[in-house]
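Start with a look at the sequence and the structure.

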Amino acid sequence: MGIEIERKFLVRNNDWKSLAEPTFYQQGYLCLGKKTTVRVRIIEKVGILTIKGKSTGLSRPEYEYEIPFEEARQMLDTLCVKPVIEKYRYKIAYDDFTWEIDEFLGENKGLIVAEIELL
């Protein structure tokens with residue numbers, strides 16, 4: 001079983017943008033329950049299915065699997081809650097950790113969130 005421990009922060013400026021190249025993400029949710037979340041994601045041309053359990057403190061169980069790109073595309077188009085989320089992700093290494101900064105597009109345009117995984 002995988003375990004995820006992460007912290008998220010709102011970002012207030014763009015000083016970090018020159019530190020990394022962006023990668024385009026599309027993601028949608030098949031299930032948004034209180035105990036389980038199931039997400040489909042496309043990163044460039046790779047499909048990923050992620051299942052996350054309920055948080056306990058700062059951690060929660062997480063399972064992630066690569067799936068065929070075309071199947072991920074079909075799930076995003078036909079099965080996921082709309083709207084599908086689109087964003088650019090920047091990965092920045094700092095002090096033995098990797099920060100992931102998401103710059104959202106579409107309905108969430110203007111939202112920038114930084115996340116650090118602690119495990």
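## Backbone details and cysteines

Asp95 lies in the loop between S6 and strand S7 (97–104). The model is a predicted one. Phi of Asp95 is positive, near 55 degrees, and the residue is not a glycine. Asp95 is exposed, with a relative accessible area of 59%.

Asp96 is placed in the loop between S6 and S7. Phi of Asp96 is about 70 degrees, again positive in a residue that is not a glycine. Asp96 is exposed, and its relative accessible area is 81%.

Another loop holds a cis peptide bond. The bond joins Lys82 and Pro83, with omega at about 0 degrees. Pro83 sits in the loop between helix H1 (69–78) and strand S6 (85–94).

Now the cysteines. How many disulfides does a search of the whole structure find? The search finds zero. Cys31 is in no disulfide, and the nearest cysteine sulfur, that of Cys80, is 11 Å away. Cys80 is in no disulfide either; for Cys80 the nearest cysteine sulfur is that of Cys31.

The table lists the values.

| Residue | Relative accessible area | Class |
|---|---|---|
| Asp95 | 59% | exposed |
| Asp96 | 81% | exposed |

Terms used. Residues numbered from 1 in each chain as written. Predicted model: local features only at pLDDT ≥ 70, side-chain atom pairs only at ≥ 80, totals over all residues. Heavy atoms only, no water. Helix = DSSP H or I, 4+ residues; strand = E, 2+ residues; numbered from the N terminus. Buried < 20%, exposed > 50% of the residue type's maximum accessible area, 1.4 Å probe, protein only. Disulfide = S-S within 2.5 Å.
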